[in-house]
Amino acid sequence: MSTTVTLPAAVAAQAGELPATALPAYLYDLPGLRAHAAAIRAALPERVELYYAAKANPDPALLVALRDAVDGYEVSSGGELAHVRAAVPGAALAFGGPGKTPEELAVALGQALDTGVHRWHVESVAELHRLAEATGHRTGADRLDLLLRVNLPLDAGSLDGVPLAMGGRPTPFGLDPEQLQECLRLLAEPRCAGLRLRGIHAHLASGLDAASQLAVAEQLVAWSAGLAPRLPAGLAGAIEEVNVGGGMAVDYADPTARFDWVAYGAGLARLLERYPGLRLRIEPGRAVSAYCGWYLTEVLEVKRSHGEEFAVVRGGTHHLRTPAARGHSQPFAVLPVEAWPHPWPRPALASGLVTLAGQLCTPKDVLAHRAAVPALRAGDRVAFAMAGAYAWNISHHAFLMHPQPDFHLLR
Ligand SMILES: *Cc1c(COP(=O)(O)O)cnc(C)c1O
């Protein structure tokens with residue numbers, strides 16, 4: 001794997017300035033995030049709304065930094081809902097999730113009243129029954145706006161080889177097309193009068209490049225448009241928007257690569273030309289926030305074991321679980337530190353391949369596997385890149401009781 005990560009000067013400065021006792025630390029590059037998100041927004045046609053999937057990284061500073069570039073936030077639990085509401089008051093929210101509790105329903109419905117929940121993503125027939133019961137008294141603009149989340153069978157090959165498939169195959173997410181028909185039938189009944197169908201939602205896979213994302217979006221939009229003429233009386237015109245989900249690819253093996261937002265935006269514009277009345281929404285998480293996060297640490301040990309080189313760093317996958325969760329090597333840059341204050345020899349690796357492990361007592365605590373480095377010594381610092389999504393917040397922090405990292409912000 002490549003370790004050629006270019007450290008922005010401000011990140012390098014921070015990584016060098018922090019005392020060793022303040023490591024490991026997270027650093028979020030907010031100007032970098034704002035510029036990236038603005039470029040994404042600029043690449044999208046006007047009729048495409050951009051929501052940020054908060055679960056990728058719900059740090060309040062990130063949520064606020066994204067405020068100008070996004071149209072809203074996608075939340076997947078009552079906890080995220082309350083958190084995002086507090087961090088970015090008044091922002092439009094889409095509320096999804098395959099298993100919503102009665103408590104979440106009560107809280108979210110309460111918030112929907114003061115326009116917090118802009119769209120509700122329905123994942124099952126039973127959920128629709130519960131929503132109908134809870135909103136029976138609502139009328140007019142007070143009704144709950146919802147999208148039906150569908151698990152659509154896609155053309156063979158559309159999802160081949162993608163890292164995480166949430167649809168197009170058996171999953172706990174969303175509605176099969178027959179169940180969706182049942183929802184449409186229910187929605188036309190008087191007891192669903194408090195609900196207003198606005199369209200279709202899908203989030204079928206994660207890790208798709210722009211061409212594959214467009215292929216999936218086209219199938220989804222064509223399928224959704226095909227529903228319109230067959231809607232029960234009373235729901236006419238109800239499919240006015242399609243949320244095609246997130247899952248835009250992030251390539252951890254190539255830190256310089258970016259999802260081709262310009263090609264994707266142009267493709268969505270062509271798609272929208274064919275459907276003049278339609279509004280599209282996307283809800284990426286990883287491809288928005290991954291690049292702004294850095295996990296800074298230092299090398300504690302360098303050693304040779306049965307013919308292979310290992311470096312042990314402060315911290316580990318209990319702070320940055322991304323490489324363990326996905327089975328990849330996290331890209332990093334080495335910041336050499338010349339000072340070595342001890343009288344004994346400095347553990348060092350001349351050059352070659354080294355596995356960067358954390359402090360956990362498990363062989364699974366590997367941040368980068370057999371990575372090529374020019375040189376590495378105890379006391380050198382390491383900045384792991386692409387640590388801004390599914391990093392800290394998916395990690396098992398309590399394991400082994402190390403001090404938790406501080407979070408620093410470049411503003
Ligand atoms: C996780 C998730 C997203 C975001 O996925 P990314 O791969 O981070 O872009 C969007 N929508 C739903 C429903 C999700 O569960």
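**Close-up views of a predicted model**

Figure 1. Serine 206 contributes through its side chain, where an N or O atom is 2.6 Å from an oxygen atom of the ligand.

**Figure 2. The shell of residues around the ligand.** The ligand is surrounded by 14 residues. The closest of these are Lys55, Ser206, Gly247, Glu283 and Tyr390. Sorted by class, the shell comprises six polar, five charged and three nonpolar residues. Ser206, listed here among the closest residues, is the serine whose side chain has an N or O atom 2.6 Å from a ligand oxygen.

Figure 3. Serine 329 belongs to the loop that runs between helix H11 (322-326) and strand S14 (332-335). Serine 329 counts as buried because its relative accessibility is 14%, and the cut-off for buried is under 20%. A polar atom of its side chain lies 2.8 Å from the backbone nitrogen of histidine 369. Arginine 370 is 41 residues away from serine 329 along the chain, yet the C-alpha atoms of the two are separated by 8.6 Å.

**Figure 4. Cysteine 361, a position annotated in UniProt.** The unreviewed UniProt entry lists Cys361 under "active site". In the model, cysteine 361 is found in the loop between strand S16 (352-357) and strand S17 (366-373). Cysteine 361 has a relative accessible area of 68% and is therefore exposed, as the cut-off for exposed is over 50%.

Figure 5. Helix H1 spans residues 9-17, and its buried residues are Val11, Gln14 and Ala15. Viewed down the axis of H1, these buried residues fall within an arc of 100°, so they line one face of the helix. In general, an α-helix has 3.6 residues a turn, so residues three or four places apart point the same way. The face of H1 turned away from the buried side carries Ala9, Gly16 and Glu17, which are exposed.

How values were computed:
Residues are numbered from 1 along each chain as its sequence is written. This is a predicted model: local features need pLDDT of at least 70, side-chain atom pairs count only at pLDDT 80 or more; totals for chains, interfaces and linings use all residues. Side-chain values use heavy atoms; hydrogens and water are left out. A residue is near a molecule or strand if one of its heavy atoms lies within 4 Å of it. A polar contact is a pair of N or O atoms within 3.5 Å; within protein, one must be able to donate a hydrogen and the other to accept it, and residues adjacent in sequence count only if both atoms are side-chain atoms. Ala, Val, Leu, Ile, Met, Phe, Trp, Tyr, Cys and Pro count as nonpolar, Asp, Glu, Lys and Arg as charged, and the others, Gly among them, as polar. Helices (H or I, at least four residues) and strands (E, at least two) are DSSP runs, numbered from the N terminus. Buried means under 20% relative accessible area, exposed over 50%, partly exposed in between (1.4 Å probe, protein chains only). UniProt positions are given in the numbering used here, feature names are shortened, and annotations may be inferred rather than shown by experiment. The arc is that of the directions from the helix axis to the C-beta atoms.
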